[in-house]
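Work through the exercises below with the sequence and the 3D view side by side. Try each task before you read its solution.

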Amino acid sequence: MNTKNKTLLFLLLISSSLFSCKKYLEVSPYDTIPDETTIYDRSSAEAAVRGAYRGLASLNYGSAFQNTILQSGGDIKSLNNAQTDLNVINYDLRSDIAFLSTYWGNFYNTINRTNHIIEKVPLVTDNKLGNDLKNQLLGEAYAIRALSYFDLARVFGNVQIFLTPTNVVADKLGVKQSTQAEVFAQVLEDLNKAEPLLPTTIVRNRITRSTAVALRARLYLYQKKYTEAEADINTVLANPGYKLIKPFNLAAGTSESVLELSYSVNDVNAGYAQWNTSNRALEPKAVIHNLLNDPAVGGDRKILSVKNAAGQFIGGIYPTNTSAGYIIRTAELFLNRAEARVLKTVPDLSGAIADINAVRVRSSVPEISASLNKDEVLLAIENERRVEFALEPFRWFDLVRTGRAPAVLNLNDPNKYIFPIPAGEIIADPSLVQNPGYGRN
Amino acid sequence: MQNFKKGKHLYSAYSLLKKTLLLKSSIVVMIFLPLISFSQTQPLINSTLKGQIIDAVTKLGIPGVSIHITGTTHVVQTDKNGKFDFVTGQKFPYTLEITYVGYEKKQVVANGSPILVELKESASQLNDVVVVGYGAQTRKSVVGAIVKVNAAETKQIPVASFDAQLQGRAAGVQVGTYSGSPGEGVKVQVRGTASINASNEPLYVIDGVFVNNNSLSTLDLGGKKTSPLADINPADIESIEVLKDASAIAIYGSRGANGVILVTTKRGEYLLGKTKYNLEISHGWQKADPDRLWELTTGPEHAMLVNEQWVNSGKDKPSLNQTYENRPFRPVTDVINGVPGRGNPEDQQTYDRLSRVFRTAQVKNYDLSIQGGSEKIRYNIGAGYTDQEGILKPADFQRGSFKLNLDSKLNDKVTLSSSNGVYRTFRQQVRGGAGQQAGHLLAALHHPTYLPLYNADGTPARGSIYENIDNLVNTDITNISTTSIRYIGNQFIEVNILPGLKFKSSIGLDYDNYNEREFFNDQTIIGGSPNPLGYRKEVFTTSTIIQNEQTLSYVKALNSRQNITVLIGNSIQSTDVKVAQEVGQGFPNNFFQQISAASVRTADQRRSKSTLASFFGRLNYSLDNKYFLEGVIRADGSSKFGANNRWGFFPGIGASWRIKQEAFLQNSETISEFKLRLSAGSAGNQNGINDYAALGLWSGSAAYPDNLTSGPKPGVAPAQLKNPDLKWEKTTTYNAGIDLGLFKDRLFLNFDAYYKYTTDALLYLPVPQSTGYSSTLANAGEVSNKGIELAITGTIIKSKDFEWSANFNISRNVNRAEKLVSPITFEAREYRRTQEGAALGSFWLYKQLYVDPTTGDAIFQHADGTTGTTVTTADRQLMGNLIPDFFGGFSNNISYKGFDFNVLFTYQYGNKVFNFNKYILEGGGTRDASRSILKSQLNRWQKEGDITNTPRVTSVGNNYNIEQNSRYLEDGSFIRLKAASLGYTLPASVTSKVRLGKVRLYVLGTNLWLKTKYSGADPESSGSAGQNLDGLDTATPPQPRGIQFGANISF
């Protein structure tokens, strides 16, 4: 080959590589799929709804959220002794504390998942996706969104409401915050939408009609709609699938479980490591340990806190790292109804006492007197909830909701009942206004 | 370096060349021109010889060269094209001596006509060959800002990777050694940090192969990363060039913006004659400087502080119900609420764990190289073995390497070359983290000293969150290791199409099979009850970088005054990383360690790929050896960017003026070189961003069951917002430099000033999380770096027996975020923040002004100018950064007769370090039984009138519960005696008797002295290799102090 030919060949090589370049530079991802091909048929719609549940289980109720709420409740202490734990137990949170941003982001992440479902599932045309299933998927998405906004509002108070999926960042900029009451109203609207869409079956690790109604009853307590709360719980408890079982045991998979979240070896229940491994992060304080182990108070619920050979208190709620996480248990329905019965316009004290005793009897502790007055019954509910949900993130929210935080937690500043809006969020969206009592940002 | 006996090899068939030069001078003799017979006038004709003498670098003919047949009086000179011919009565073969002013004298054996001889310019700084992108230039013709580092100088520093060895050697190159554990990541920054979220590491090119510099480590090592460059044996390296300015880096286009580090490995020599063997053996010991290790409180002191904090907190907040009566360290018999006391403070024991994890480590190194070459083939073989123990048990780094560089001339036009390196590294690793993951160092350092090592029943005791230290250092119980098999090679063919016109095509491969293992037996937290017994993880990662490049270069002398060099080329490259991971839990017993025996088995697999296609060209023009011009352009297309912005164009231009060549300076005795360099241009950056950063993505890892019995079923969730406009980060650089040689270059000075401006900076723009995402990658910032660099090389004394030379370099870089949409904070703890007008990643803290002598409370500065004990986020302020005001190194090399003495100091000044470890361990006793306490905590405020900056110990208020307290920010300036060596070369009269060439024995000390105000173990420590997290000392093993003995033998 002479030189001229070689040069020609070289030029040919260069130019041919030019043409093939465009294709060479198209590389599709292996582990992920592009936006456009997400919800378009039955199985992709089902997968998206499962993704929303995973968000609920592994983001919303990830370990740190429970950790913070449990410590705020005052009966559980952290063994990590991170300095942010001091901020938590002293009710002295600052907006730049990292976990706040994590919780905020987690809730909205799950909400965005549900928004995609609510927008896209109705548009799917697939013979295999019948109306019932389509309704079920939509109903579940509404209920998951409701639960996420409910917790978001309980934690942060004044938050923005978004009901459509994010396509570009600008979609979500510059929206005014809604008040906690407005967010609760939105939660109610979602639950009302979900109820008729959902099936009446019982699937304890998915949301069905009874689950949505039970959630709505919980919301009604926050909205002080006691008659409605009682009615809803009556509806749920009328279903023989939800009843208390004696002796007390962990509720997973039983009729004591109204909604539980599932974990697996790949998506572990982070709560397990918080409590149960030998280097656990949380420990029941002596006071709650002693209550749980008092036969007149905790009864069979003493399994929730066990003193080991080294004298440490070991919290016993998640036996393995794949144990279910509890969102609503049947016992809560009884105690919620008890509260509703006491506080409704025409109090039903004996009904309330019966509900409390239902829980106490199943826990093998003596019944409370039928002659207690209204305040005494309320206190009995509070005390019962304290031991019944000793290791679940209830007490903080309960004490705030019932106005008992000053008396019980010595926390008189109502600004501290909601956490600060994360500082980074205010920087990213200056239309956010910091909650009162937490400075400018 | 070796003299061969004259005569012995002179007329042998292959050894045609007598060599007297330095190792690095490579001489190429090539049969080239067609044989042309010619008539002659001499009656006795035994041979006719025709040939050409060319410059080894420019490949241009050299006129006026003298060619002399040794043993005769016959001398001819080359014509204007460097050609010569003569007829002689001598018979082939005979020796030619070729001489020319400014060039090295050369002897070649002619054994046929014609011959082509390459002549190298004589060894002086000006004629030094400097490797540049896709070529080489002589120092005097270099236009760009390029530092050449001689590997022979740096390789003795006993750290595993060559990038760490660069510390203090090159102006403008900042090297940070994060940790004293061997084989871990190093920070290398050339001229500051331009990028916020894309990588700031330079591009590494080894023998033309773009090598992977991103750690493949997937294990939880507490933020520590392994260094992929530690795979490469420094002993194989000939030289390292650092390209810094636009005209030098623009040829690397999109990847050049952070500077380019070109590594050239040793090659053989054609016609070398006797094969050269070189053996290097060294053995050393290293340990942590005991004065720099952390000092902890004793058991009684710890207990006393915790009690004091307990009572103080109780007074501050009565609702805590904390009193002296129920203090934690009270008599054991004092049972409150069913909880017995832990014993009075004075009853506490003190248990030392640091001595159980630190050790005197051994460092062994063996290198053998074989260099040889015949007329057609040359080769260099390097075989090496290194074993470096870490001072922190059980860290160990072992590397076996084999290097073969082979060049073979197929015929007079075609050369096939091959560079091959095969490396096996084994790392016994330590965890760096805290908490459940139980870092090896932290389990010793952070474990409260009053807690016993063993329980009463003899089982290993654990603190509340730490693994027992003896369980961690015993590799039968906890074993974390990585084996990597890596091949880096480049195969190329070079065709000399016409004189001056050369075509080169290459295929390069960087393949890394990276296998990580973890095993925790049933005694450990991770592998022990109540978890399934035993935990094992295996991760298989393969990284494959394949590249193909073609270049066509043309060198032409336009006339006697003007030369041009033209280069054009193309390049394609793909990078493919695959990860497969398996975890097994629940083993029958500790003898079963393979996952097949586990009762619970899980697997994971992922893959990521990117491609890059490029075209590039360069034009060099020189006039009168006085004016030099260089123009460069590269076009890069990357799969990482949106379809709209896939291609980027990066031009660069440079010029230099050798003022010395002007008439008014030509005869100056004082000034031996004076050169002015100017350059401007742009380069890009895309390194370190996700391969699919521009796409909107949903991820599949969101499984959930359909009912209680279905088990998990696949689920999807949004993972990333799309950004189809994503494009190249672009850095425009301006550089002005002066090279000044004085007194025949005895004193040589390089000075550079630069300005770099980065636009479209790639950054993870924080977005409101209400979008469902926390950030999106965007081109949303502008960053500037400006700086000056000075390097001085001096030969202070040079006589027959005594030589003293010194090098000094100093650099300053000023970094500033010029434009940002909003301030960006980094990672969960947000210690560092980038905001407009300040240096990237400045520390963002609450400023503690003082401790009130009356109350003992920390007083903070408020944003509105007032002071007080309370703070809100608005009170945080930027308080300096980790960029030094200036940094550099200086070295002295002294030789006297057979002795040589070298010292190297490195220094930096004005950078800040956040002593995170101090924040953890000076927690005022609030961390009680979960962490140890530093001795410095005893300086706390105790009573009215105490003047101290360590506040009263309490868990209430802000004395101890502000993580980002400026109290922990310290000055990180230091000067360090990095290395000092003393060597002795045996006299040749002795070594030749035992048929050895050169024998040098030496002793080398490292990190012998450190001067710093920093209170942590090492001012260079950084907890994490993440670029936005460094400057945060989470406690790492300090750089060890070491001594080693070695021998260097050639034969």
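## Exercise 1: Nonpolar cores

The largest nonpolar core has 278 residues, and A:Ala143 and A:Ala146 have the most contacts inside it. A nonpolar core is a set of buried Ala, Val, Leu, Ile, Met, Phe, Trp, Tyr and Cys residues joined through C-beta atoms within 7 Å. Buried means that 20 or more other C-beta atoms lie within 10 Å of the residue's own; exposed means 12 or fewer, and partly exposed lies in between, with C-beta atoms placed from the backbone.

This is a predicted model: local features need pLDDT of at least 70, side-chain atom pairs count only at pLDDT 80 or more, and totals for chains, interfaces and linings use all residues. Residues are numbered from 1 along each chain as its sequence is written, while chains are lettered from A and ligands numbered from 1 in the order in which they are written.

**Task.** Find the element that gives the largest share of this core. Then list what A:Ala143 touches.

**Solution.** 
1. Helix 6 (residues 131–156) of chain A gives the largest share, 14 residues. Helices (H or I, at least four residues) and strands (E, at least two) are DSSP runs, numbered from the N terminus.
2. Leave out residues up to four places away in sequence; A:Ala143 then touches A:Asp190, A:Leu191, A:Ala194, A:Ile207, A:Thr211, A:Ala212 and A:Leu215. Contact means C-beta atoms, placed from the backbone, within 7 Å.
3. Look also for a second, separate core of 19 residues, with B:Leu49, B:Ile98, B:Tyr100 and B:Val117 among them.

## Exercise 2: Strand pairing

**Task.** In which sense does strand 30 of chain B pair with strand 35 of chain B, parallel or antiparallel?

**Solution.** 
1. Recall that two strands pair if DSSP finds at least two bridges between them.
2. Strand 30 and strand 35 (residues 729–742) of chain B are antiparallel, over 14 bridges. Here B:Phe674 stands opposite B:Leu740.
3. Strand 30 (residues 671–685) also pairs with strand 29 (residues 647–658) of chain B, antiparallel over seven bridges. There B:Gly654 faces B:Ser679.

Note on methods:
Contact = placed C-beta atoms within 7 Å.
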